[in-house]
Amino acid sequence: MVAFSKKLEEVGIDLIDVSAGIYESVIWIAQPMAFPRGCLVDLGWEIKKRVKIPVSIVGRINHPELAEEILATKKADFIAIGRALHADPYWPLKAQRGQVDHIRICPACMSCSDQLATNLPITCAINPEAGRERELAIKPVKKRKKVLVIGAGPAGMEAARVADLRGHRVILTEKESRMGGQLVYASKSPHKKEFECVIQFLEGQLKKSKVEIRLGKEVTKTMIKKIKPDAVIIAAGATPIFPFTPGVGKPHVHTAIDILGQRVSLKGKTAVIGGGLVGLETALFLIENHVSPIVIIEPTDKLGGNVGLRMGWYVRNKVTNHPEIEVRTETTVEEIKDDSIVVQKKGEFEELKVKNVILAVGMGSDNVLAEELKSEGIVEELYIVGDCNIPRTMKEAFEEAAFVARRV
């Protein structure tokens, strides 16, 4: 491409924009968060050093400081960004005004890219307004209400943020000591640390707002009666599902949340039950933390479930090509013993020696409080959003919160 770029310059081309990837290496066309920021900069620099015409560069440049550094070191003449403008179309203006902490940083979750690949209109997982700016314009309220938001995961934080911008008096509660919900655990995966940016943006916006934030205390019916809210938005999230497998209650059995939340420390061979995205990422997290070998048990014939195209490609390859990870598909766990598990595949039983067992078989809605409030009619205006409604992805959590906060 260096030689080709020289020829382009000779025939009168004015500018060269450097990207990467073809459909046979699709993950390089729009790189996921597992790739380092500015991952193509050095490729562009090799071309820039050999031509006199301007060179622009693209690829995981999601923060203004990185863009400035590339320009300052003269590795490119222009910066090109795409997905970052889905997450925040005012990215350049905020950078120009010195409002970097107000930028909603793109985590490269690949939601927009995967939608494009299936001919769906592009939206953004963390910015529900993208492509729906008129529909989701934030309009001031005619009547100010006291709004109680229960749960400070992505759905609860977004709902509180938007309700406050509209003029409501908002109280945001969270039973844990920090905000973020499932994103806190998702960001622990070796290739998903960028999710911290999503939490930091929402946290920063809420702390600059008039929202009253209450952390570390679980909300009860009695508390709600004392607060006397005009409207309640429940975004209590989800909790891990426990299968009915014999031995599931043994002390060496933990959930993926326990592992990603670093609540336990493990050594020795570990079985991960469930080969969906959470199971695969938990296995990689264990490997990164020097716990091996790992055996993943998945009852279906496919790893990763319905994970997106590009992230699925990346995670499956990382898992299946790792020498310390064994994968067993079309296999079920029939019993968990003190130092082994009994597995079954197509009628054949086998006992595998393991020290630890990790459950990654899915999440169930934490909607106990919601059901109580609905049945007893304690609150006149009640909304349920995010995983508390049905466990899904971050994208649905943000979308539901965005629509509900504009209806209150």
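How many aromatic pairs does a search of the whole structure find? There are 2. Bear in mind while you read that this is a predicted model. Here are my notes, point by point.

1. Let's start with those rings.

2. Trp 28 comes out at 35% relative accessibility, so it counts as partly exposed.

3. Leaving aside residues up to four places away in sequence, Tyr 314 touches Ile 27, Ala 34, Phe 35 and His 191.

4. Now hop over to another ring, Trp 45. Which residues lie over its face? Lys 49 does, at 4.5 Å from the ring centre. Lys 75 also lies over the face of Trp 45, at 4.7 Å from the ring centre.

5. Lys 74 is not a glycine, but it has a positive phi of about 60°. You'll find Lys 74 in the loop between α3 (64-72) and β3 (78-79). Its relative accessibility is 59%, so Lys 74 counts as exposed.

6. Met 110 has a positive phi as well, near 80°, and it isn't a glycine either. This residue lies in the loop between α5 (91-96) and α6. What about its surroundings? At 1% relative accessibility, Met 110 counts as buried, and it is one of the residues lining the largest cavity.

7. That cavity is worth a point of its own. The structure holds 1 cavity of 30 Å³ or more, and the largest cavity contains about 80 Å³ of space. Its lining includes Arg 83, His 86, Cys 106, Cys 109, Cys 112 and Cys 124. Helices α4 (83-87) and α6 (111-117) each supply at least two of the lining residues. Sorted by class, the lining has 9 nonpolar, 2 polar and 1 charged residues.

8. Next, look for a cis peptide bond. The bond from Ser 292 to Pro 293 is cis, with omega near -5°. Pro 293 is in the loop between α12 (277-288) and β11 (294-297).

9. Pro 293 turns up again among the contacts of Thr 270. Thr 270 belongs to strand β10, residues 270-273. How buried is Thr 270? Its relative accessible area is 0%, so it falls in the buried class. Not counting residues up to four places away in sequence, Thr 270 touches Leu 286, Val 291, Pro 293, Ile 294, Val 295, Asn 356 and Ile 358.

Key
Residues numbered from 1 in each chain as written. Predicted model: local features only at pLDDT ≥ 70, side-chain atom pairs only at ≥ 80, totals over all residues. Heavy atoms only, no water. Phe/Tyr/Trp six-rings, centres within 6.5 Å; stacked < 30°, edge-to-face > 60°. Buried < 20%, exposed > 50% of the residue type's maximum accessible area, 1.4 Å probe, protein only. Lys NZ or Arg CZ within 6 Å of the ring centre and 35° of its normal. 1 Å grid on protein atoms, 1.4 Å probe; cavity = no way out; pocket = protein on both sides within 12 Å on 5 of 7 lines; lining within 4 Å. Points joined across faces, edges and corners; volume = space filled by probe spheres on them. Helix = DSSP H or I, 4+ residues; strand = E, 2+ residues; numbered from the N terminus. Nonpolar A, V, L, I, M, F, W, Y, C, P; charged D, E, K, R; others polar. Contact = heavy atoms within 4.5 Å.
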